[in-house]
Amino acid sequence: MSERNRNPLAHVLAVLEVPLLCAVPVVMAAALALAPSSAAGLMLLVVVLVLALFFAGYESSRPPLRQIMPTLVLAALAAAGRVLFGPIPDFKPVSAIAIIAGAALGRRNGFMVGALAALASNFLMGQGMWTPWQMYAWGIVGYLGGVAADHGVLTRRDGSPRMAGLMVVGAASGLVYGAVINTYDIIGFLQPLTFAGALARLAAAAPFDLMHSFATCVFLAALFAPWTRRIGRVVRKFNLRG
């Protein structure tokens, strides 16, 4: 029996993985409905707790070094790419690399790549209360990349990429990321919260979200096939996908 299966905490957190990730939008919806004065702090507390539990679940599964290394390398590449393309607003490879990680290494590792890339790159770009939200948003993008791959959206049975599926997932990633960040901004900081005010915030954010989607599609078109092919060799050799 594997070490992971002998660890009860790892098993419990693995079972709760999807409910944990869904807790953030549920709390957002509750905050929108109830509009408490402490909405920003409450949502921040929940997203930090979700990240902590997700990281604890990953650590408690005791992945071997050979399992961790590809995840850390991809997270480092994503963080470096974000810094490198920093002068171009929202034209970043982070979402594309998180999706590649989810597709090649599994949804949990996709989440870790997105979250770690946000955390690491913010040591240069600036840490703040936005960091946990960026970690969660990019983590979700990587996680959903793994889900899409598991359902055959990104690749055919022979491993070749489905370009249409890649472009749909790439375009959706910018909107998913934007939905998380924009919803937190609107609910937590738009006072008073009005439909007109929320619409104005969304309109102001739309060009950046669309650029994010466009950039992700560009990077996926360029990187997905060669990177997943190379990562796939390592995955098959060491049985790393999980």
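**Helix packing, core and aromatic pairs in the predicted model**

Apart from neighbours within four places in sequence, A137 is in contact with Y177, V180 and I181, contact being defined as heavy atoms within 4.5 Å. The structure is a predicted model, in which local features require a pLDDT of at least 70, side-chain atom pairs count only at pLDDT 80 or more, and totals for chains, interfaces and linings use all residues. Residues are numbered from 1 along each chain as its sequence is written, and side-chain values use heavy atoms, with hydrogens and water left out.

A137 is located in helix α8; helices (H or I, at least four residues) and strands (E, at least two) are DSSP runs, numbered from the N terminus. With a relative accessibility of 0%, A137 counts as buried; the term buried denotes under 20% relative accessible area, exposed over 50%, and partly exposed the range in between (1.4 Å probe, protein chains only). The C-alpha atom of A137 is separated by 6.1 Å from that of V180, although the two residues are 43 residues apart along the chain.

W138 lies in helix α8 and Y177 in helix α9, so their pair ties together parts that are 39 residues apart in sequence. The ring centres of W138 and Y177 are 4.6 Å apart and the planes stand at 40 degrees, so the pair is classed as tilted. In this classification, rings of Phe, Tyr and Trp (its six-membered ring) pair if their centres lie within 6.5 Å; planes under 30 degrees apart count as stacked, over 60 as edge-to-face and the rest as tilted. W138 and Y177 are both buried.

The whole structure contains 8 aromatic pairs. In the pair formed by F91 and F214, the centres are 6.3 Å apart with 50 degrees between the planes, a tilted arrangement. F91 belongs to the loop between α5 and α6 and F214 to helix α10, so this pair ties together parts that are 123 residues apart in sequence. F91 is buried, at a relative accessible area of 15%, whereas F214 is partly exposed, at 49%. Both residues belong to one aromatic cluster, formed by F85, F91, F214 and F219.

The largest nonpolar core comprises 60 residues, of which L21, V24, M28, M43, W133, Y136 and L154 touch the most other members. Such a core is a set of buried Ala, Val, Leu, Ile, Met, Phe, Trp, Tyr and Cys residues joined through side-chain atoms within 4.5 Å. At least two residues of this core are supplied by each of α3 (17–34), α4 (39–60), α5 (65–84), α6 (94–105), α7 (107–125), α8 (131–150), α9 (163–189) and α10 (195–238). Excluding neighbours within four places in sequence, M43 is in contact with V27, M28, A31, W133, Y184, I187 and G188.

Helices α3 and α4 pack with their axes 10 Å apart at an angle of about 175 degrees. Axes are lines fitted to C-alpha atoms, for helices over the stretch in contact, and angles run from 0 to 180 degrees between N-to-C directions. The two helices, α3 and α4, are therefore roughly antiparallel to each other; angles under 35 degrees count as roughly parallel, over 145 as roughly antiparallel, 65 to 115 as roughly perpendicular and the rest as oblique. The contact involves E17, L20, L21, A23, V24, V27, M28 and A31 of α3, together with A39, L42, M43, V46, V47, V50, L53 and F54 of α4. E17 counts as buried at 10% relative accessibility and, leaving out residues up to four places away in sequence, touches F54, R107, R108 and Y143.

The axes of α4 and α7 come within 11 Å and cross at roughly 125 degrees, which makes α4 oblique to α7. The residues in contact are L51, F54, F55, G57 and Y58 of α4 and R108, N109, F111, M112, A115 and L116 of α7. T71, in helix α5, is buried at 2% relative accessibility. Neighbours within four places in sequence aside, T71 is in contact with Y58, L105, N109, M112 and V113.

G165, in helix α9, is also buried, with a relative accessible area of 11%. Beyond neighbours within four places in sequence, G165 is in contact with V153 and L154.
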